[in-house]
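Look at the structure, then read on.

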Amino acid sequence: MVVSKICTGNYAAAYGSMRSRARTVAAYPITPQTFIVEHISEFINNGEMDCEYIEVESEHSAMSACVSASASGVRTFTATSSQGLALMHEILPIASGMRLPVVMAVVNRAIAAPINIWVEHNDIMPERDSGWIQVFCDNNQEVQDMVLQAYRIAEDKRVSLPMAVCLDAFILSHTVEPVHLIDQDAADKFVPQYKPTGPILDPDDVAAVGVFTPPDYMMECRWQTDKAMRDAVAVIKEVNDTFAKQFGRDHGGMIDPYLVDDAEVVLITMGTASSTAHEVVDDLRAEGKKVGLVKLRFWRPYPTDDLRKIAEKVKAVGVFDRAVSYGVGGPSFVEFKSAAFGLNLPVMNFIGGLGGRDVSLQDVRFMYEQLLEAAKTGKAKRDITWIGTRGVEQ
Amino acid sequence: MYEVRFHGRGGQGAVMAAQALASAAHAEGGYATAFPFFGAERRGAPVLAFTRIDEKRIYRKTQVYEPDFVVVLDEGLLESVNVVEGLKKGGVVLVNSTRKPEEIDVGIDTKLATVDATSVALEVLKQPATNSSILGALAKATGLVKIESIEMGIMQVFGDRLGPKIGEKNARAARVAFERTVVGESHGKRVLKTAEKWLPDVNNLPMGVAGVAMKTTAGAVGPGSFLENKTGSWKVFKPEYDEEKCTMCNFCWFYCPEGCIYRKDDRMEFDMDYCKGCGICANECPAEAINMVR
């Protein structure tokens, strides 16, 4: 039976980990992720979730415990945010380097200083090259569904990499929406029992993992991980299709394009700005304006081919970033320019929504107006625009 | 689409009310979302929560700027917040108050409903948690959802968080409030103003948002600014001090999280400009010399 329930993104993430039968959870609470940890401990306390919950003294230990548990062949889950993710930083490439399919929910929140608890993607951007697969969600249904999909993707033997499911602080984590909660039988069918593909820590069948590796082996090792990230693109699409077939919900795979086929301009967004932009696209279409939207779902691996194909057909592209790489522009903008290298079209970067500043319907409309203007003139008014920033020219 | 804005204070449960309303609308077959906007995460600080209700999926993930309905959980907020800001024409304002609708001035002519949600909550729940009562009143004042759906929504959201018994009690509070809600008209004479905010541009914001004491057009900011920004209006209860019973043990001084209690000669002094009425002093006082009263 499919039950639709009003719940928060935090609940959806916790519920997804329960239905995926995560067997070890090690996490440390931090606003706005705290409810994920609380829900999981409730599930365990109520006997709904058969799981070892490891109380740790920090996020560094949380990720270390997840790595160890995963290395012993157990499905693991954790969740964090902002400073907590930063504290995990040292262990993140260890999870990917050891090829462990740890799954983590990251509630994206601004990184200090100044202290700010609201949404921003600047916390996960430093983890871009950590070897973690990263997906950005724009609704709570997707959060639950992507936790399940994450295990299928991460545990696939062609991949064997950890994966982060990202959700915007408060806008998803603390917002309730109707979510079709997946029942255990359906979940079991989709995420079968975890069978490790590599050697595991087992006293009866001894293996060494994460070992000291001299230069003679390092290039090959790095190449393997790089290939796994490249191969993940096909696996992500496969898993998305399998999920859509079983549950009737197609989240789009690497990207989720909306009305791009005949579009003159497209805006590329990550996280919940995508959802707001969806409504603005409908409004502008009703006014006869040929605008489209590309919801950039996977940040790693990056959908280079998919985006380039779209860029080849349009007259201007905008990239909305809820993060900034100081002195350079938005990280997503920089990445897209590389994907669109050599194509002769104006590309505009819009930086906005930092530290929880509201991204309003008018803000998104403003971005599309700028893009339509650029499509007409063939030239971007300016490369990087800071949306609604007092004292900065728009 | 209908948009509802809740004005409350931290700890009054505006967020749970917004969620229970979404749950009620969803139970009626609609699509609904609810979300909070937290300022400082402190009990008593003004908070906002929002609910959106529609027949089809709601995509916008923005704050609510033009609500159809405004719910005020704490009448005291009318003095510092322009609660009708952006209210759509034909909208409804609901205020937790002992007064009649025509006695309340929100600065505009509007349909307005009142309910003494605090008394209902004290009667039914034995504590001033007005979030469930106000939802019953909202059903009566707006007809947005049925009272039965509100009861169901409360049982789900409150029940999930606080247990089914508390869920049922809160549903009862909503029903009682539904019966006692007075719907009327209000004519605005005064001008309600939201306290001006200090919003410097990039050239005037101190580097790194360093908190230096400054006088701005919106008042003092930085260290020492709370000499002006008094927070004593946040409380529902205030401490009543019985000098005769007091043994001067100073427990109240030690436990007060706001540093509002001082020893002065042979008695304790309470700084009501900053007391938030949390009641910790009364709870800790071994001589029962402090009572919390409304």
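In strand β3 of chain B, T51(B) stands opposite A34(B). Strands here are DSSP runs (E, at least two residues), helices are DSSP runs too (H or I, at least four residues), and both are numbered from the N terminus. Two strands pair if DSSP finds at least two bridges between them.

| Strand of chain B | Residues | Bridges to β3(B) |
|---|---|---|
| β1 | 2–9 | eight |
| β2 | 31–37 | seven |

On the β1 side, H7(B) has L48(B) as its bridge partner in β3(B). Strand β3(B) spans residues 46–54; seven of its nine residues are buried, so the rest of the structure largely encloses it. Buried means 20 or more other C-beta atoms within 10 Å of the residue's own, exposed means 12 or fewer, and partly exposed lies in between; C-beta atoms are placed from the backbone.

The model is predicted: local features need pLDDT of at least 70 and side-chain atom pairs pLDDT 80 or more, while totals for chains, interfaces and linings use all residues. Residues are numbered from 1 along each chain as its sequence is written, and chains are lettered from A and ligands numbered from 1 in the order written.

Now the core. A nonpolar core is a set of buried Ala, Val, Leu, Ile, Met, Phe, Trp, Tyr and Cys residues joined through C-beta atoms within 7 Å. The largest has 191 residues, and V165(A), L21(B), L94(B) and I134(B) touch the most other members. Helix α1 (residues 14–27) of chain B gives the most to this core, with ten residues. A second, separate core has eleven residues, including F251(B) and C285(B).
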